[in-house]
Amino acid sequence: MARVFSGIQPSGELHLGNYLGAVRNWVRLQDQHECLFCVVDLHAITQPYEPATLGERTLEMATGLLAAGLDPAKCTVFVQSHVPEHSELNWLLTTVAPLGELERQTQYKDKAQRQESVPAGLLNYPILQAADVLLYKAELVPVGEDQLQHLELMREIARRWNHRFGAGYFPEPQALLTPTKRVLGLDGQAKMSKSLGNTIGLFEDADTIWEKLKPAATDPARVTRKDPGNPDICNIFTIHQGFSTPAQQADVAHKCRTAGWGCLDCKRLLADNIIAALAPMRERHARYRADPERVRAILRDGAARVRVIARKTITEVRARMGLLEAAED
Ligand code: ADP
């Protein structure tokens, strides 16, 4: 059984983008593999944030993941900062991570552009990701398409470390993508992301979902009801691929290409399917929300479980890197 690791930032909102790109895959994978899923609060603090609400958002993200279907009996859910070995391995890996590659990462360049003063942590972000995955020697990393460049760098870091300190010690992790690996925001401009304010949240009510979907961008060439559209370049069709049956998808594509219906008809079917699929998650969300202590206990148990693996890796890595073992008390 391969080990799977993936993380998500405590951005405060699970949305259709990170759900279809990653989290729905996590829910499936927990039945097939040993899965570790992490709320990456240490990554979140590389961008401007509000300390007063970070803890709350971390708990909220964990609550959302459980509501989305992660089952603590089948997988491990924990908070990154609760396992200090992530930070330690991060430092040890900075000594082999190539600076030029770090500077070439698109996400780094995008995020750096939006900040007046760029913290070193932002550049270091993919090294911390490498530490997250390599700490557990995970082989599979289910992510959205935006993370592929970081995954490639992670493999490079593993290769360099192995070359220097231990051939074959760290496996080179492989990305696992979904068919909906890139969901655009409702504006149709950039990826759906909380920070861009172009999302549909996983736990939003039926009316809000419909109100947000109605004006959402579609194929820009389809100006009037009579123009045929191209589902291959329509973000609404991408979301249909996440929520509609294969027969519905075929019908939607046909009606779009032949101008057999309008974009609003297409969106109405999509809204109905989204609302039906999300209903059980909304219910679970309300239940977990009412019991934050239960969520905290799940996170505590999760961290305790993964720390056993993390400590073993760190001990081995320290030894292979030649660090003097501390004397016993
Ligand atoms: P966000 O981009 O909202 O801050 P994260 O960066 O924490 O979300 O990403 C969590 C996971 O969800 C990652 O694997 C990422 O690739 C995936 N993901 C996020 N947004 C999208 C999207 N719009 N389409 C597809 N996958 C996405």
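This is a predicted model: local features need pLDDT of at least 70, side-chain atom pairs count only at pLDDT 80 or more; totals for chains, interfaces and linings use all residues.
1. Start with the second largest pocket. Its volume is about 260 Å³. Helix H4 (85–94) and helix H13 (292–320) are the elements that each give two or more residues to its lining. H13 gives the most, with 5 residues.

2. The lining of this pocket divides into 6 charged, 5 nonpolar and 1 polar residues. Among the lining residues are Glu 85, Glu 88, Arg 311, Arg 318, Glu 325 and Glu 328. Ile 314, Leu 323 and Leu 324 also line the pocket.

3. The whole structure holds 21 salt bridges. One of them pairs Arg 289 with Glu 60, at 3.1 Å from N to O. This pair links distant parts of the chain: Arg 289 sits in helix H12 (residues 263–289) and Glu 60 in helix H3 (residues 51–68), 229 residues apart. Arg 289 is exposed, at 52% relative accessibility. Glu 60 is buried, at 18%.

4. Arg 159 and Glu 172 form a salt bridge, with their closest N and O atoms 2.9 Å apart. Arg 159 belongs to helix H8 (residues 148–165) and Glu 172 to the loop between H8 and strand S5 (174–176), so the bridge ties together parts 13 residues apart in sequence. Arg 159 is partly exposed at 33%. Glu 172 is partly exposed, also at 33%.

5. Within helix H12, Asp 272 and Arg 268 are 4 residues apart, so about one helical turn separates them. Their side chains meet in a salt bridge of 2.7 Å, N to O. Asp 272 is partly exposed at 37%, and Arg 268 is partly exposed at 32%.

6. There is also a network. Salt bridges with shared partners join Glu 152, Arg 155, Glu 156, Arg 159, Arg 160 and Glu 172.

Definitions and conventions
Residues are numbered from 1 along each chain as its sequence is written. Side-chain values use heavy atoms; hydrogens and water are left out. On a 1 Å grid over the protein atoms alone, a cavity is a set of points where a 1.4 Å probe fits but cannot get out, and a pocket is an open set with protein on both sides within 12 Å along at least five of seven lines; lining residues have an atom within 4 Å of a point. Grid points are joined across faces, edges and corners, and a volume is the space filled by probe spheres set on the points. Ala, Val, Leu, Ile, Met, Phe, Trp, Tyr, Cys and Pro count as nonpolar, Asp, Glu, Lys and Arg as charged, and the others, Gly among them, as polar. A salt bridge is a side-chain nitrogen of Lys or Arg within 4 Å of a carboxyl oxygen of Asp or Glu. Buried means under 20% relative accessible area, exposed over 50%, partly exposed in between (1.4 Å probe, protein chains only).
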